[in-house]
Amino acid sequence: MSAPTESSAHPPLQEWLDRIARPIEFASRDGCAHLKAVTNLSAFVSTQVLSLLGHATYPKAIEARLMSLRDLFVDCDPALSVQEQRRRLQVAAEHINALRTAVQQQRQYSQEPPVQSSHDAEVKLKERSPIWNLSVRFVKGVGPKRTTVLQRLRIETAEDALWTIPWRYEDRSVMTPIGNLVPGMLASICGTVEKCDAKRTRNRRLSVLELGVEDQSGRMQVVFFNQPYLENMLSVGTRVMMSGRVMAGRHGWMVPRMDVAQYEILGEGSESTLHVGRIVPIYHETKGWTSRQMRILVRNLLAEHGLELLDHLPVPLRTRQRLIPFHEALQEAHFPKTGTDLHLLERGKTPAHRRLAFEELLLLQLALAARHRAVHDEPKELRFNPRTPLLEKLGRLLPFRLTTAQDRVIREIFRDMISPRPMNRLVQGDVGSGKTAVALHAIVMACGSGYQAALMAPTEILAEQHYRNLSGTLHALGLQATLVHGGEKVSVKRAQAEQLASGEIQVAIGTHALIQHGVTFKHLGLAVVDEQHKFGVLQRKTLIDKGYKPDVLVLTATPIPRTLAMTVYGDLDVSVIDVLPPGRKPVRSFLFVEGQRRRAYQIVRDELRNQKQAYVIYPLVDESEKTDLQAAIQGAEQLQNGEFAEFRVGLLHGRMKTTEKEAVMADFKAGTIQLLVATTVIEVGVDVPNATIIMIEHAERFGLAQLHQLRGRVGRSTHQSYCLLMAANMGQGKAQRGRAVQEQKELMSSAKERLEALVRSNDGFVIAEDDLRIRGPGEFFGLRQWGMPEFRVANLVRDGDLLQQARQEAFSLLQTDPGLNEPAHQGLREAMLRKWEKKLELGSIS
C-alpha cells in the first residue's frame with residue numbers, strides 16, 4: 001500500500017480526520033442530543049472531503065471510504081427523520097474510526113523492516129492481495145483442507161465468500177423465559193449452566209453430556225451426544241444462549257428438554273453474538289462445512305477486509321436507483337439488524353438484497369451491452385442485394401402466403417443484412433409459426449448476392465428434415481444445397497468439402513459440427529442457427545476463429561420468458577413471430593392418470609381409424625439411460641402386439657443408425673407407419689401434417705417447455721389435433737416416512753401444476769413464464785445447456801423488474817462512456833471484466 005502523496009498546502013490525513021470528526025462526534029454525543037446545535041454539517045463534510053481528494057492521492061480503499069462518508073451527507077436534509085439522522089451519524093463515526101485504523105496501518109507498514117524469508121514474503125503478498133484475488137485458503141480459519149470443501153460451494157476467493165449470502169434466516173433475537181417453554185415450539189433462551197454431567201455408555205462408544213440450564217423463571221435439560229470436548233466449554237456457571245426445539249423431559253413438562261440446534265457462550269462483556277440472540281443467517285451446507293463456520297468466516301472477512309470493499313456503482317446511479325452502499329448491503333444481508341422484517345429477508349426483498357442483486361445484474365448487462373456494441377462496431381465487408389431476382393422468384397414458388405408477423409420479421413432481417421453493421425439477431429417463434437420460411441428468405445438473399453449460407457440444427461434428424469423441406473425450393477431457384485453429416489463415406493465428404501470450398505455449393509445444412517470439422521466455405525455470408533440452446537450459446541467468436549464474419553440469425557421455437565431473453569440472449573436483437581399461419585386450430589390437451597389408460601388408447605385408436613397418424617413419446621433423460629430406452633422398445637412391442645395390432649407401429653430413438661432413423665421417418669411421412677413410438681429425439685422440428693395426436697408417457701417427468709415442444713409435433717394442418725398427457729397417479733405410491741414423503745408430495749404438486757398449466761394454455765410464452773415460476777431459473781435451464789449465467793443473489797423470477805432497470809442503466813452508461821474509461825466508471829469496468837471477460841469472451845472489449 002503506497003503512502004499518500006500530499007501537497008504542503010493541505011494537512012495530513014490524521015489531522016484532517018480530527019478536524020472533521022469534532023462536529024460529528026459532538027452531534028452524536030448524549031444520544032444525539034446536540035444534533036440541532038450543529039448547522040451546515042452536510043455542506044461542511046462534503047466540502048472537506050472534496051478538498052482533501054483534490055489535493056492528494058490516496059489508496060483506492062481510503063478514497064472509497066472517504067466517498068462513502070461524503071455520500072452520507074450529500075442529501076442529509078434537515079427534514080429527514082431524527083432516527084435516520086442518528087443512523088447516518090453512527091455510520092459516519094464508523095467510517096472515521098476505520099480511516100484512523102487505515103492511517104495507523106500505513107504508518108506501521110512504512111516502518112516495517114525488510115522481509116526476511118520467502119514464506120514471510122508469500123504471507124505479505126497474500127495480505128496485500130485485493131479481496132477478489134485473495135484465495136479463501138489464506139483467510140483465518142480455512143487452510144488447505146477446508147478450501148477443497150468450500151470449492152464445492154463455489155467459494156474460491158474471499159470475495160466469493162462475501163457474495164455467498166444466506167438462503168434463509170431464523171429469528172433467534174427473542175429470548176423466551178425457560179418457565180414459558182411449551183411442547184413443540186422453536187425457542188431461544190438465555191440462562192446459566194447449573195449442572196454438567198459427562199457419562200460414557202458401557203461399551204464406551206457413546207459419550208453423553210447432560211446439562212441443566214436455568215434462568216429466573218425455570219430450569220431445563222440439554223443433552224449432547226459424542227461431543228466430550230463441550231464438558232470444559234459448558235462448565236457450571238457458564239452463561240449461554242441456546243436455540244432449538246422444545247420437547248418433554250425425563251419428568252414430563254415439569255423440566256422440559258431442548259434439542260439444541262445452536263448455542264453461544266456469553267463472555268464477560270457485551271460482545272456481539274453470532275449464532276443466537278439475533279436474526280441468524282442460515283447458509284447452504286456441505287459435508288465438512290456448516291452454517292456456524294460460514295458465519296464466523298464472513299464475520300472475520302467483514303472485520304478484516306471491510307476497507308477493501310469498494311463500491312463500484314457510481315454515486316448518481318446509486319442515487320437514481322435508491323441503492324444503499326455496498327459495505328452496508330453485505331453487512332445487512334449476512335447479519336441483519338434485530339427488527340428487520342423476516343418475510344422480506346426470506347424473499348430476498350430487503351434493501352440489502354436489492355443492492356447486491358442490482359450489482360450482479362448490472363455487471364452482466366454491461367457485459368452483454370458491451371458485446372452487443374462490439375459486434376455492431378465490427379466493420380462489415382458483406383454487401384447484400386435486397387433486389388436480387390431470386391427473392392421475387394421465391395415469392396412465386398411458395399405454396400402459401402406469409403403471415404403479417406413473418407413479413408415484419410423478414411423486413412427486420414433484411415434491414416440488418418443491408419446495414420453496414422453485422423447482423424446478430426434472434427427470431428423467437430412459437431411451435432409452427434413459420435420460422436423456417438423466414439430463414440429461407442434470408443438464405444436466398446445471401447445466395448442471390450453471391451455468398452454462401454450455412455443452416456445448423458441441433459440434431460441430425462432435424463438437419464435431415466430441413467434438407468428435405470428446403471432442398472426442392474432451393475434447387476428450383478438454381479441453388480445447390482448439401483446435407484453434411486457424420487455418417488457419410490469419406491469420398492462423399494471429400495467431394496462436399498471441395499464443392500463448398502470452391503463455392504459450387506451455395507447452401508450447407510447440418511448440425512453445429514458443420515463449422516467445426518474441416519469444412520471450409522469460399523465466402524460464407526450467413527449462418528442460421530436453429531434451436532440454439534440445444535448445444536449451448538454458440539459464440540460469434542467460434543465463427544470468427546474459423547476465419548468467417550457472416551451475419552448471424554438464431555432461431556428458437558422454445559419460447560423464452562422476457563427476463564431470460566435479456567440474460568441468455570441479451571446481446572442479440574430480438575424478433576418475435578407471434579401469429580400462427582391461418583387455418584391452424586389450437587391443439588386440445590387432456591391429462592390422464594394410469595387408471596384412465598384404456599380411455600386414452602381409445603382416443604388414439606379413433607384417430608388412426610380416421611386415417612390419421614399418432615406419436616407415443618417416452619421420456620429419455622440421457623441417451624445412456626438404458627432403462628428409459630428399454631421402456632420405449634418394450635412399449636413399441638406391446639402396442640404392436642396388443643392395443644394397436646391392426647396398425648403398423650414404428651420405433652425411433654437416438655441410438656439407431658442414421659440410415660435406420662431416415663427409413664423410419666420416411667415411412668412415417670409416407671403414412672406406411674401409422675403410430676410412431678419415439679423417445680424425445682422428435683422434440684424439435686419434426687413435421688408430419690397428417691399426425692394429429694400425441695400421447696406422452698410419464699408426462700410428470702418433463703419440463704413444461706419440453707412438453708410444449710412435444711405437443712408442437714401435432715397441430716400442423718387444418719385438422720383438429722390432440723395431446724394426451726399420461727401421468728403417474730398423483731399422490732399415490734409406497735408409504736414413506738418423514739422428509740422423503742414431504743419431498744415426494746412437493747414433487748407431485750409441482751408436476752401437477754406444470755401439467756395443468758399445459759392443459760390450460762397453448763401460448764408458448766405464457767407456458768414458459770409458468771415453467772420459470774414453478775421450477776425456478778436453475779431447474780428451468782437444466783444442465784446449463786442454455787449457457788445460463790449463474791447468480792449468487794439475483795433471482796430472475798423475483799428480480800425481473802430489477803433486471804430491466806439494470807439493462808437500461810447499462811446501455812445508458814455505455815452510451816455516455818463506451819469504454820467505461822472515466823475515473824468514476826473504472827472500478828465498474830474492472831468488476832465486469834473480472835466476472836464476465838472469460839465466460840462471455842469479451843476479449844475485444846478488454
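Reader: Which residue stands opposite S589 in β22?

Author: C723 does. The model is a predicted one. Here β17 and β22 (residues 722–727) pair in the parallel sense, over 6 bridges.

Reader: What makes β17 and β22 count as paired strands?

Author: Pairing takes at least two bridges between the strands. β17 and β22 have 6 bridges, so they pair.

Reader: Why are β17 (588–593) and β19 (649–652) said to stand at the edges?

Author: The strand order is β17-β22-β21-β18-β20-β19, in an open sheet of 6 strands with parallel pairing. β17 and β19 each have a single partner strand, so one side of each is left without a neighbour in the sheet. On average, neighbouring strands are turned by 20 degrees against each other, direction ignored.

Reader: Which strands does helix α21 (residues 597–609) touch?

Author: α21 packs on the sheet and touches β17, β18, β20, β21 and β22. Its direction makes about 160 degrees with that of β21. Helix α24 (residues 704–711) also packs on the sheet, touching β17, β18, β21 and β22.

Reader: How do you know whether R205 is buried or exposed?

Author: Exposed means over 50% relative accessible area. R205 has 73%, so it counts as exposed. R205 lies in the loop between β4 (186–200) and β5 (207–215).

Methods:
Residues are numbered from 1 along each chain as its sequence is written. This is a predicted model: local features need pLDDT of at least 70, side-chain atom pairs count only at pLDDT 80 or more; totals for chains, interfaces and linings use all residues. Side-chain values use heavy atoms; hydrogens and water are left out. Helices (H or I, at least four residues) and strands (E, at least two) are DSSP runs, numbered from the N terminus. Buried means under 20% relative accessible area, exposed over 50%, partly exposed in between (1.4 Å probe, protein chains only). Axes are lines fitted to C-alpha atoms, for helices over the stretch in contact, and angles run from 0 to 180 degrees between N-to-C directions. Contact means heavy atoms within 4.5 Å.
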